[in-house]
Amino acid sequence: MKASSSENDRPPKNPWWNPQQPSGMPVHRYGGAGARGLVEPGTRAWLDRPPGRAPLWSSVDLRDGNQALANPMDLRRKREMFDLLVRLGFKDIEVGYPSASEAEFAFVRHLVTGGHIPDDVTITVFTSARQELIDRTFEAVRGADRAMVHLCHATACLWREVVFRMTPSEVMALARQSAQHMVRLADRAGGDIRFEYSPETFNVTEPEFALEIANTVAEIVEASPERPLTLNLPSTVEMHAPHVFADQVERMHRNLERRDGIILSVHPHNDRGTAVAAAEYALAAGADRVEGTLFGNGERTGNVCLVTLALNLLSRGIDPQLDLSDIPAIRRTVEECNEMPVPDRHPYAGDLVFTAFSGTHQDAIAKGLRHLEDRAAAAGVPAAQLPWDVPYLPIDPRDIGRSYEAIIRVNSQSGKGGIAHVLRSRWGLDLPQELRVELAGVIQRLTDVTAAEVEPGLIWDTFRAEYCDMGGWACFAQPGPDGDDPVDALLTLAREHGVHAEVDHLTGAAAEPATGAAHACYARVLVDHQPVWGVGLAPTPRAATVRAVLSALRRGGAVPADSGCVPHLAGPREGAL
Ligand SMILES: CC(=O)SCCNC(=O)CCNC(=O)[C@H](O)C(C)(C)COP(=O)(O)OP(=O)(O)OC[C@H]1O[C@@H](n2cnc3c(N)ncnc32)[C@H](O)[C@@H]1OP(=O)(O)O
Ligand SMILES: CC(C)C(=O)C(=O)O
């Protein structure tokens, strides 16, 4: 028998599954709002369309971002943000809402009259659909060679009825009259004035009404390929899953009457936390342009983050057409202008997003970095020229101005791979595998006690205290007959102490200056048949060997713990070993 749909909806019976209980949350209050904005899905051809190139980027940091700050930017901070946006390569920058306040107006005048707008940058000024505000907006851009005036008013039912107290045809008339007024003012203005129109609350507007009002405005401004209208579709309050927004955008893209005279733009907000996905889907569905902010500042949960969108493109091998090669510097400026920190987990920019604490991730990253180095050495090219392919790291942090220093941080979740990576990357020490395992145990005991992160300096100190310490022993090279082997002398010393000791592993390598020594040696000594490791760091290979063996003997209790001097070490005089 065919199961009924309610049976299908039930979670599968599973003895290990504890059924969840109704929460008592007020679910009856939600789910209806915005239903009128939904569209029937089309073919959803956009679903499989990969991004081909960067969209036209428009920064609204100085308008939408600014209007959401506790302390809106003053002229100095606005200028700093504007200059940053220009440096990053934005050609389309919304600089403010000049009719909102004297400060906003003054900033636009500062840019226009001070000649601060590069020739290849177009500023946009925002206005709502009120005649006196539109007039003031045009005053603000008087004398500009080129500017875009952005008209906006809400179109959705809730706003029509509750905020404007208008019928749909009255809202249509508001759009028509405002657009006509803008055209008249632009004709008089002299400069090259373009138009942007946003049916605010587009995503919860009845699709037919959104289309009709957009066509009406496009008609009035005579949108054409030569003088396109930027039609900006906002998800003013994100209410649906991202694919729904893409369906809405696709419907406009397919049905707009003057599509070739329109730059189709989207302006996703992030109320559901899916603004990035919504923007990416919308671009696949036919949008040409995205409005957003750096690191996603903006009303409530913010605007879509343009840094994330752009670096998502980079990670797919597509030129983002923005210079994001110094994310730390960009972040500093944005934090200063917005007086708001970028969270630790913010994609690409947060302090922790290229950091692994967990052992298996660290192990994979360390192996991946090493693999990259080996490939670079084999090819005879810098690693930065090779395709990036390191587990757990979507892009090379160095490509956006971040370092490898914080990639691996050690705490109780970490393992040998990460700890060894810290010693290798900071001090150039490449520990034998067995020693890595041992050291991980030493560090684990430390983190079990402290329950805290272990800074690299403490790993280094712990490593040296454990493996490089010779206790009270001092070694001096003494001239003697050729051929005397200092290691033999040490093993003899152990025998005299009543312990059988033999060296069964000895490797050495040049050490990095950071260690304070020129040579490193790793010794495994069988002390009464039990393996014990020691490490020597010294100016010469010979001295490093002596130190490594002596440390191992001391650790294994094969020499008296706290006294002595290694006698009769022959060979060229090396001073204190
Ligand atoms: C989604 C967005 O981001 S839209 C941009 C929002 N940005 C801002 O609001 C920042 C700057 N704004 C301001 O400084 C002020 O709101 C001003 C100066 C523009 C206007 O201030 P006020 O005249 O005091 O109006 P107020 O701020 O209370 O706005 C509410 C009025 O505007 C009307 N309104 C709201 N949006 C629009 C619009 N886009 N077009 C026309 N009228 C609008 C409302 O219906 C209401 O009118 P009512 O008083 O007749 O009921
Ligand atoms: C004015 C429009 C573009 C806007 O900011 C929004 O709807 O969120």
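Predicted model: local features only at pLDDT ≥ 70, side-chain atom pairs only at ≥ 80, totals over all residues.
Local features need pLDDT of at least 70 and side-chain atom pairs count only at pLDDT 80 or more, while totals for chains, interfaces and linings use all residues. Residues are numbered from 1 along each chain as its sequence is written, and chains are lettered from A and ligands numbered from 1 in the order in which they are written.

We can begin with the overall division of the chain. Four domains are assigned, namely domain 1 (50-338), domain 2 (359-400), domain 3 (416-467) and domain 4 (473-556), with bounds that come from an automatic or database domain assignment. Between domain 2 and domain 3, the C-alpha centres are 22 Å apart. Their interface involves 4 residues of domain 2 and 4 residues of domain 3, where contact requires C-beta atoms, placed from the backbone, to lie within 7 Å. On the domain 2 side, the touching residues comprise 1 nonpolar, 2 polar and 1 charged. In this classification Ala, Val, Leu, Ile, Met, Phe, Trp, Tyr, Cys and Pro count as nonpolar, Asp, Glu, Lys and Arg as charged, and the others, Gly among them, as polar.

The UniProt record, an unreviewed entry, lists residues 55-328 as "domain: Pyruvate carboxyltransferase"; its positions are given here in the numbering of the model, feature names are shortened, and annotations may be inferred rather than shown by experiment. This span is 44% helix and 19% strand, and its end C-alpha atoms lie 24 Å apart. Helices (H or I, at least four residues) and strands (E, at least two) are DSSP runs, numbered from the N terminus.

Turning to the ligands, a residue is taken as near a molecule if its C-beta atom, placed from the backbone, lies within 6 Å of it. Ligand 1 has 14 residues around it, of which Gln67, Ala100, Ser128, Ala129 and His153 come nearest. At least two residues of this shell are supplied by each of β4 (146-154) and α6 (157-164). The shell around ligand 1 contains 6 nonpolar, 5 polar and 3 charged residues. Around ligand 2 stand Asp64, Cys152, Ser198, Glu200, Asn232, Pro234, Thr236, His267 and His269. Here β5 (192-200) and β6 (229-235) are the elements that give two or more residues. By class, the shell around ligand 2 has 2 nonpolar, 5 polar and 2 charged residues.

Helix α9 (residues 242-255) has 14 residues and should span 20 Å at 1.5 Å a residue, which agrees with the 20 Å between its end C-alpha atoms; the expected span is 1.5 Å times one less than the number of residues. In α9, 11 of the 14 residues are buried, a residue being buried if 20 or more other C-beta atoms lie within 10 Å of its own, exposed if 12 or fewer, and partly exposed in between, with C-beta atoms placed from the backbone. Among the buried residues of α9 are Phe245, Val249 and Met252, together with Asp247, Glu250 and Arg251. The buried residues of α9 pack against α8 (207-220), β6, β7 (262-268) and α10 (275-284).

Helix α11 (residues 306-315) is also mostly covered, with 8 of its 10 residues buried. These are Leu306, Val307, Thr308, Leu309, Ala310, Leu311, Asn312 and Leu313, and their cover includes β1 (56-59), α10 and β8 (289-292). After α11 comes Gly317, with a positive phi near 85°.

Backbone angles come next. Most residues other than glycine have a negative phi. Glu339, although not a glycine, has a positive phi of about 55°. Glu339 sits in the loop between α12 (327-338) and α13 (359-379) and is exposed, because 12 other C-beta atoms lie within 10 Å. Ala451 likewise is not a glycine and has a positive phi of about 50°. The loop that holds Ala451 runs between α15 (433-450) and α16 (456-467), and Ala451 is exposed, with 8 other C-beta atoms within 10 Å.

Finally, two residues illustrate packing between segments separated in sequence. Ala509, in strand β10 (residues 501-510), is partly exposed, with 14 other C-beta atoms within 10 Å. Not counting residues up to four places away in sequence, Ala509 touches Asp430 and Ala520. Thr545 belongs to helix α18 (residues 541-555) and counts as buried because it has 24 C-beta neighbours inside 10 Å. Leaving aside neighbours within four places in sequence, Thr545 contacts Val487, Leu506, Gly508, Cys521 and Gly536.

Key. Contact = placed C-beta atoms within 7 Å.
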